[in-house]
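Hi,

Here is the structure I said I would pass on.

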Amino acid sequence: MDDVDRSGFGAANRGDRSLEDGPPIDRIETVFAVHEARREDGQIVYYGDPLTHPERVVRELWPVFRERGYDADLERRRGEYAIVAEPTTVGIDGIPWTNIVLFLLTVGSTLFAGSFWYQLDPFADPAVIWQAWPFTVAILGVLSVHEMGHYVMSRYHQVDASLPYFIPVPTLIGTMGAVITLKGRMPDRKALFDIGAAGPLAGLVATVVATVIGLHLPPVSVDPALLQNPDAVRIELGYPPLLELLAAGFDQPLYRNDPANGVNPVVIGAWVGMLVTFLNLIPVGQLDGGHILRAMAGELQETIAALVPGALFALAAYLYYVDGYSVNTVLIWIIWGFLTALLASKGPATPVRDEPLGRGRFLLGTVTFGLGLLCFMPIPVVIVG
């Protein structure tokens with residue numbers, strides 16, 4: 001810890017009214033009486049007393065610190081209030097090795113998963129996984145565009161954001177998606193809305209493109225021997241309204257009642273994009289939908305978010321008790337019921353300036369949630385056998 005009182009500012013010497021490259025102390029003391037200022041672990045920490053409500057202190061001083069290249073927040077340290085100012089960096093610092101390695105691993109895991117959708121056997125011949133490259137391009141393309149939508153808008157609003165972290169997992173699709181991390185405070189509702197909505201909207205454009213391409217590619221034929229095998233496992237995907245509309249609009253089959261054929265795996269990659277879009281638009285916590293609804297509805301978002309877990313548990317119960325689906329089939333909504341409860345308990349991102357959105361963004365938010373509903377499917381996956 002480096003005590004910077006010797007630079008001229010401190011309880012004993014207040015001749016120099018500045019602290020290195022931080023804002024002028026006079027400006028800070030309009031709303032926060034500073035007793036002491038120190039450098040602690042790369043941060044500038046101002047100890048003192050708020051002269052107004054703590055939330056107003058942050059609202060008043062955050063833009064001042066931001067102009068000097070700092071992100072500031074009000075905390076309790078050593079039993080007293082402290083403004084903690086941390087240097088902000090917007091952009092990539094060095095080579096993002098973690099992001100690169102995770103991406104390459106996800107390429108491998110999606111190639112492996114995709115080979116099964118192409119009716120290939122990677123265990124007998126590992127080299128065949130390269131034939132699944134269209135599936136990998138579709139699924140990683142959709143996820144990449146979604147996350148880069150967030151990243152670009154974060155840069156636009158000068159909010160520090162990481163590059164996407166892809167998550168390789170040995171599932172039916174080879175991944176659990178991708179995430180970016182945001183640091184610091186959200187400037188205002190406009191930034192919160194733009195960053196939240198950019199991902200689903202950009203990803204949905206990529207999803208539609210992948211769907212249209214996949215619908216025009218030849219179907220995948222199933223080995224007749226598998227159809228006769230009573231021990232064979234069959235995977236059936238639910239089709240969201242958006243996929244149904246695109247298939248009807250381009251007059252392309254979805255092979256529902258044709259066990260010998262299935263849609264091209266590129267369509268399955270696009271199907272993943274639709275599922276990801278819907279799940280991300282669930283309006284809780286710091287999911288995309290939580291960001292958008294918090295920007296649109298303010299603190300009412302938390303009330304709405306509290307109802308979401310119950311709705312998901314109710315959906316799972318209805319499908320299990322009324323429609324007779326197995327626990328494995330409805331498990332996705334049980335898991336998301338618990339997950340949304342956890343996210344809702346942590347609350348949404350709170351912007352520094354909390355003024356209402358304009359009519360244009362409010363309308364765009366309504367359209368975004370409507371598009372999300374077009375990606376909803378009550379039963380995403382059924383495993384038979």
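Arg 294 counts as buried, because its relative accessibility is 3%. Keep in mind that this is a predicted model.

So what does Arg 294 pair with in a salt bridge? The partner is Asp 354, and the closest N and O atoms are 2.8 Å apart. That pair links distant parts of the chain: Arg 294 sits in helix α9 (residues 288-297), while Asp 354 is in the loop between α11 and α12, 60 residues apart.

Arg 189 is buried, at 10% relative accessible area, whereas Asp 354 is partly exposed, at 30%. As background, side chains of opposite charge can pair when their charged atoms come close.

In total, the structure holds nine salt bridges. Another of them joins Glu 75 to Arg 77, with the closest N and O atoms 3.3 Å apart. Glu 75 is partly exposed, with a relative accessibility of 32%. Glu 40 comes in here as well: Glu 40, Glu 75 and Arg 77 are linked in a network of salt bridges.

Now to the sheet. Four strands make up an open, antiparallel sheet, in the order β1-β2-β4-β3. Its edge strands, pairing on one side only, are β1 (32-40) and β3 (70-77). On average, neighbouring strands are turned by 25° against each other, direction ignored. Between β3 and β4 (residues 80-87), which run antiparallel, there are eight bridges. Helix α2 (residues 54-67) lies across β1, β2 (43-50), β3 and β4, and runs at about 150° to β3.

The unreviewed UniProt entry places the feature "transmembrane region" at several stretches, including residues 262-282 and 327-349. How much of residues 262-282 is helix, and how much strand? That span is 76% helix and 5% strand, and its end C-alpha atoms lie 30 Å apart. Residues 327-349 are 87% helix and 0% strand, with 34 Å between the end C-alpha atoms.

Cheers

Key. Residues numbered from 1 in each chain as written. Predicted model: local features only at pLDDT ≥ 70, side-chain atom pairs only at ≥ 80, totals over all residues. Heavy atoms only, no water. Pairing = 2+ DSSP bridges. Helix = DSSP H or I, 4+ residues; strand = E, 2+ residues; numbered from the N terminus. Axes fitted to C-alpha atoms, helices over the stretch in contact; angles between N-to-C directions. Contact = heavy atoms within 4.5 Å. UniProt positions renumbered as here; feature names shortened; annotations may be inferred. Salt bridge = Lys/Arg side-chain N within 4 Å of Asp/Glu carboxyl O. Buried < 20%, exposed > 50% of the residue type's maximum accessible area, 1.4 Å probe, protein only.
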